[in-house]
Amino acid sequence: MKVLVTGGTGTVGSQVVAHLLDRDADVRVMTRSPEKIATLPPGAEGVVGNMSHPGSLGPAFAGADLVFLLTPLAEDEVEQGMAAMAAAAAAGARKIVYMSVHNAAAGPHIPHFASKVEIMKGLRESGIPHVVIEPNDFFQNDVWLREPITQYGLYPSPIGSVGLSRVDVRDIAQAAVNALLQDGHEGKAYPLVGPDVLTGEETAAVWAEHLGRDVRYGGDDVEAWAGQVRSLMPEWLVRDLCIMFEHFQQEGLVASDEDLARQREVLGLEPRSFHAFAAETAERWRS
């Protein structure tokens, strides 16, 4: 069976590709960049396609039996998701595994959470058998924070003091591939979460422990954070993430016992801890 992975060169998608190849799956990766095709691992077929340009999707989806659908954080994310669903339906895809976000319905005021809700609605109406995976905030997002953490002893993400049940991207990929290749998951939605609830202060303390240096939490001032990142991302994305961080500070994003039980059905193993991730990442940064 041919498995199409959208976003297959990104943080999550590249791990999904690796897990599929480990299981000897026939993998096709859709990317917007022709240059990235040369960077794909051996055994993965590359094809250019862009969900913002629906006319480009036919060759990517042609012959795909299974689709891992990852929609990018974009102002037109809903339209991109709908275009991908239409292409999957036209190609006769047998199953879509869609990556949403943990407890998206509780944050409909967050633009990219709202986009996920609309795409999930579209999936239900499409008639295509599908599975939804719902990851919490990624451990690997902290890799982008190496400079402030290691050079300035600062954990800058204003995630607050309620806490997040953050998750390792490798667990997301494992769950996604299980949902793709195993029967019996269709019609279900699976939270993907870590075993610990992490606040901003606790996250900084974990990094301090494994780096062997002081690391302090930068605090809850979302506007100050926005001022630091405006030169790095478009204004619409800064606004979106500010709304998300304010939600995290007020409500958190904490897994329930039911979430953890449902996760085991698709993950099939205990989730990785943030301590384990930080320990290996700190070691890699030192070397």
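Reader: Which residues does Phe-113 contact, leaving aside its neighbours within four places in sequence?
Author: This is a predicted model. Phe-113 sits in helix α5, residues 111-126. Leaving aside neighbours within four places in sequence, its contacts are Val-101, His-102, Asn-103, Ala-104, Gly-107, Met-244 and Phe-248.

Reader: Is Phe-113 buried or exposed?
Author: The cut-off for buried is under 20% relative accessible area. Phe-113 has 1% relative accessibility, so Phe-113 counts as buried.

Reader: How is Asn-103 placed, and what is its phi?
Author: Asn-103 is one of the residues in contact with Phe-113. Asn-103 lies in the loop between β5 (95-99) and α5. Its relative accessible area is 42%, so Asn-103 is partly exposed. Asn-103 is not a glycine, yet its phi is positive, at about 55 degrees.

Reader: What is the phi of Asp-24, and is Asp-24 buried or exposed?
Author: Asp-24 is in the loop between α1 and β2 (26-31). Asp-24 is not a glycine, but its phi is positive, about 60 degrees. Exposed means over 50% relative accessible area. Asp-24 has 72%, so Asp-24 is exposed.

Reader: How many aromatic pairs does the structure hold, and what kind is the pair of Trp-207 and Phe-277?
Author: The structure holds 8 aromatic pairs. In the pair of Trp-207 and Phe-277, the ring centres are 6.1 Å apart. Planes over 60 degrees apart count as edge-to-face. Here the planes stand at 75 degrees, so the pair is edge-to-face.

Reader: Which helices hold Trp-207 and Phe-277?
Author: Trp-207 has 0% relative accessibility, so Trp-207 counts as buried. Phe-277 has a relative accessible area of 3%, so Phe-277 is buried. The two are 70 residues apart, and their pair links distant parts of the chain: helix α8 (residues 200-211) for Trp-207 and helix α12 (residues 274-286) for Phe-277.

Reader: What kind of aromatic pair do Trp-207 and Trp-285 form?
Author: Both Trp-207 and Trp-285 are buried. Trp-207 is in helix α8 and Trp-285 in helix α12, so this pair ties together parts 78 residues apart in sequence. The ring centres are 5.1 Å apart, with 15 degrees between the planes. Planes under 30 degrees apart count as stacked, so the pair of Trp-207 and Trp-285 is stacked.

Reader: Which residues do ring pairs link into a cluster?
Author: Trp-207 pairs with Phe-277. Trp-207 also pairs with Trp-285. The cluster linked by ring pairs is Phe-139, Trp-207, Phe-274, Phe-277 and Trp-285.

Reader: How do α1 and α7 pack, and which hand is their crossing?
Author: Helix α1 (residues 11-22) and helix α7 (residues 169-181) have their axes 8 Å apart. Their angle is about 55 degrees, so α1 is oblique to α7. Residues in the contact include Val-12 and Val-16 of α1, with Ile-172 and Val-177 of α7. The crossing is right-handed.

Reader: Which residues does Asp-171 touch, not counting those up to four places away in sequence?
Author: Asp-171 is in helix α7. At 2% relative accessibility, Asp-171 counts as buried. Beyond four places in sequence, Asp-171 touches Leu-267, Leu-269, Pro-271 and Arg-272.

Reader: How far apart in space are Gln-140 and Val-169?
Author: Gln-140 lies in the loop between β6 (130-135) and α6 (146-152). With a relative accessible area of 14%, Gln-140 is buried. Gln-140 touches residues including Thr-11, Val-169 and Phe-277. Gln-140 and Val-169 are 29 residues apart in sequence, and their C-alpha to C-alpha distance is 6.7 Å.

Notes: Residues numbered from 1 in each chain as written. Predicted model: local features only at pLDDT ≥ 70, side-chain atom pairs only at ≥ 80, totals over all residues. Heavy atoms only, no water. Phe/Tyr/Trp six-rings, centres within 6.5 Å; stacked < 30°, edge-to-face > 60°. Helix = DSSP H or I, 4+ residues; strand = E, 2+ residues; numbered from the N terminus. Buried < 20%, exposed > 50% of the residue type's maximum accessible area, 1.4 Å probe, protein only. Axes fitted to C-alpha atoms, helices over the stretch in contact; angles between N-to-C directions. Parallel < 35°, antiparallel > 145°, perpendicular 65-115°, else oblique. Left-handed = near helix turned anticlockwise from the far one by under 90°. Contact = heavy atoms within 4.5 Å.
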